[in-house]
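Subject: Structure for you to look at

Hello,

Here is the structure I said I would pass on. My notes on it follow below.

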Amino acid sequence: MQGRDLPEQLTAFLARRERDFIGFRRDLHMHPELAFAEHRTTGRIVEYLRGVGLAPKELPGGTGLVCDIGAGPGPTVALRADIDALPLTDEKDVSYRSTVPGAAHACGHDVHTTVLLATGVFLAQQDRAGALPGRVRLIFQPAEELPGGAVEVINAGALEGVDRIFALHCDPRLMTGRVGLRTGGITAACDQLMVRLSGPGGHTARPHLTADLVYAMGKVVTELPAALSRRIDARAGFSLVWGRISAGSAPNVIPDDAVAEGTVRCLEDEAWHAAPDIVKGLVESVAGAYGAEAEVTYRRGVPPTINEATSVDIMREATALALGPDAAAPTPQSLGGEDFAWYLEHVPGALARLGTHSPDWDGPMLDLHRGTFDVDERAIGVGTRFMVTTALTALGVDGRRTGVENAEEAVSF
């Protein structure tokens with residue numbers, strides 16, 4: 001099985017099995033499971049992979065799995081999909097609507113999972129034919145939406161020996177058949193911030209005899225974002241937005257406690273690492289000017305997803321080979337969080353966006369994290385072509401670097 005025949009082999013493979021994969025996606029869609037509760041989903045994936053002769057290994061937590069393909073010399077490329085659903089109601093009127101109250105695959109993780117499954121099945125065929133110049137590790141990750149699943153996967157050793165990692169995410173703003181690529185920051189860090197101010201309390205007639213926490217908190221929530229803009233490089237895309245403020249119980253009482261909560265988002269890794277200490281220092285400085293005691297709770301969410309340049313080049317080459325010269329599209333940075341970023345703290349890699357918007361659809365945007373979200377299921381075949389070709393291209397690029405025999409031919413499409 002020679003690499004130059006790959007497009008034809010993928011076409012034949014999908015002609016035989018695409019309807020089966022669409023059925024698998026619909027089954028997952030009907031039975032969504034939330035973070036760290038993906039037991040049925042894990043079982044279905046394990047069953048399918050074992051059925052094609054692979055040996056998947058469940059993660060220690062009982063949900064999610066990894067599966068290696070190939071055992072010969074050469075580099076190891078990891079491909080990751082997330083398998084959890086969202087805690088919201090499926091509002092679509094379709095035959096495969098969620099049967100689980102309050103849970104839905106409204107972010108496309110069922111598509112990501114199915115694409116990786118199909119990719120694994122095809123690569124297993126490549127391996128049996130002796131056309132896999134290295135190893136591919138499939139990572140079916142739980143709990144991306146929580147987040148926390150990526151950290152569990154890494155702690156379980158799933159990145160050991162991995163040279164490069166790739167993933168994709170559905171994008172309802174891109175037409176089916178296109179893949180969005182970007183070098184550098186593609187999604188943001190997303191952390192949670194809670195500021196609690198405390199003081200003795202008092203009467204509103206005598207604010208000079210106490211710490212006026214409402215006024216002090218007002219200064220914190222208005223001055224902190226502005227102060228951060230002078231302490232952190234504006235090119236880092238740093239954003240602090242408050243979502244909740246609470247203080248007091250009566251109009252003539254200065255409270256002894258005030259709380260504000262918000263999210264901190266950032267597109268650059270250096271600024272993300274520096275943010276907690278800078279935020280804490282600024283809050284204490286502002287609150288201290290009004291005699292208030294400040295307690296800052298800074299909860300890490302996910303780092304920014306920073307796509308490595310060589311990995312994006314591999315994806316771009318694979319997109320052209322698998323889907324045509326015009327299939328790659330530039331994609332903007334997003335302030336949304338994605339825990340694929342944790343993998344990129346350890347190994348080089350990149351995240352791509354998979355177009356799922358049908359050219360035949362003339363209704364409203366089927367956006368992510370909404371009960372109406374759905375995809376053009378032709379994107380499953382597109383994603384499979386892309387991920388297969390990305391893996392083989394990466395093995396060839398890294399194989400040439402490390403001297404793997406016949407790696408050049410393996411990617412000479």
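Contact here means heavy atoms within 4.5 Å. This is a predicted model, in which local features need pLDDT of at least 70 and side-chain atom pairs count only at pLDDT 80 or more, while totals for chains, interfaces and linings use all residues. Residues are numbered from 1 along each chain as its sequence is written, and side-chain values use heavy atoms, with hydrogens and water left out.

Overall

The C-alpha atoms fill a box of roughly 85 × 50 × 40 Å along the principal axes. The chain has 10 helices and 16 strands, taken as DSSP runs numbered from the N terminus (helices H or I, at least four residues; strands E, at least two). Of its 413 residues, 54% are buried; buried is under 20% relative accessible area, exposed over 50%, and partly exposed in between, with a 1.4 Å probe and protein chains only. Among contacts between residues at least 6 apart in sequence, 81% join residues at least 24 apart.

Cores

A nonpolar core is a set of buried Ala, Val, Leu, Ile, Met, Phe, Trp, Tyr and Cys residues joined through side-chain atoms within 4.5 Å. The largest one has 60 residues, and Leu49, Leu79, Leu123, Leu138 and Phe140 have the most contacts inside it. Helix α9 (residues 378-402) contributes the most to this core, with 10 residues. Another core, of 33 residues, lies apart from it and includes Met217, Ala258, Cys266 and Tyr298. Beyond its neighbours within four places in sequence, Leu49 touches Leu54, Pro56, Leu65, Cys67, Leu117, Leu138 and Phe140.

Annotated span

An unreviewed UniProt entry places "domain: Peptidase M20 dimerisation" at residues 196-287; positions are in the numbering used here, feature names are shortened, and annotations may be inferred rather than shown by experiment. The span is 41% helix and 28% strand, and its end C-alpha atoms are 10 Å apart.

Single residues

Thr356 is in strand β16 (residues 349-357) and is buried, at 4% relative accessible area. Outside the four places in sequence on either side, Thr356 has contacts with Cys170, Asp171, Pro172, Leu174, Met175, Thr176, Val375, Asp376 and Ala379.

Most residues other than glycine have a negative phi. Phe36, in the loop between α1 (6-30) and α2 (39-51), has a positive phi of about 65 degrees and is partly exposed, at 35%. Ala143 also has a positive phi, near 55 degrees; Ala143 sits in the loop between β4 (135-141) and α4 (149-155) and is buried, at 0%.

Regards
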